Amino acid sequence: MSPMVSPSSTGCGRPRLRRWLHDRWARLTMLTGRDRGMSTAEYAVGTIAACAFAMLLFKVVTSPEVRQMISNLIKRALNVAG
């Protein structure tokens, strides 16, 4: 019988559903060998990669060519708007 059966059809659906949910939660949380997140080394590599990407993005956005493109885009938008 499925745990999702309505209480009116079985007479004891709510306790049965609660037990099924409890058992399911126990199985999901007690599985061994599952990764639960990054290790310290993975955090370090991820942080360094994020910093390197941020530095590269900062350099690109603050370059004279990109500044000129953004400035021209803003000027065109303001001229079109009125």
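What pLDDT does the protein average, and what share of the residues score at least 70? The protein averages a pLDDT of 81, and 73% of the residues score at least 70; pLDDT is the predictor's confidence in each residue, from 0 to 100.

## Model and confidence

This is a predicted model, in which local features need pLDDT of at least 70 and side-chain atom pairs count only at pLDDT 80 or more, while totals for chains, interfaces and linings use all residues. Residues are numbered from 1 along each chain as its sequence is written, and side-chain values use heavy atoms, with hydrogens and water left out.

Confidence is lowest in helix α1 (residues 7–10), at a mean of 50. In α3 confidence is highest, at 93.

## Overall build

The protein has four helices and zero strands. Helices (H or I, at least four residues) and strands (E, at least two) are DSSP runs, numbered from the N terminus. Along the sequence the pattern reads α-α-α-α.

Of the 82 residues, 5% count as buried. Buried means under 20% relative accessible area, exposed means over 50%, and partly exposed lies in between (1.4 Å probe, protein chains only). The protein exposes about 7,500 Å², and carbon and sulfur atoms supply 66% of that area. Accessible areas come from the Shrake-Rupley method with a 1.4 Å probe; for residues, only the protein chains shown count as cover.

## The nonpolar patch

Phe53, Leu56, Leu57, Val60, Val61, Ile70, Ile74 and Leu78 make a nonpolar surface patch of about 760 Å². The most comes from α3, with five residues. Patches are made of residues with over 30% relative accessible area and no salt bridge; like charges are joined within 9 Å, and nonpolar side chains (Val, Leu, Ile, Met, Phe, Trp, Tyr) within 5 Å.

Ile70 lies in helix α4. Ile70 counts as partly exposed because its relative accessibility is 37%.

## Between α3 and α4

Ser63 lies in the loop between α3 and α4. Its relative accessibility is 17%, so Ser63 counts as buried. A polar atom of the Ser63 side chain lies 2.8 Å from the backbone oxygen of Val60.

## The salt bridge

A search of the whole structure finds one salt bridge, defined as a side-chain nitrogen of Lys or Arg within 4 Å of a carboxyl oxygen of Asp or Glu. Arg19 forms a salt bridge with Asp23, and their closest N and O atoms are 3.5 Å apart.

Arg19 and Asp23 are four residues apart in helix α2 (residues 13–29), so about one helical turn separates them. Asp23 is partly exposed, with a relative accessible area of 28%.

Terms used:
A polar contact is a pair of N or O atoms within 3.5 Å; within protein, one must be able to donate a hydrogen and the other to accept it, and residues adjacent in sequence count only if both atoms are side-chain atoms.
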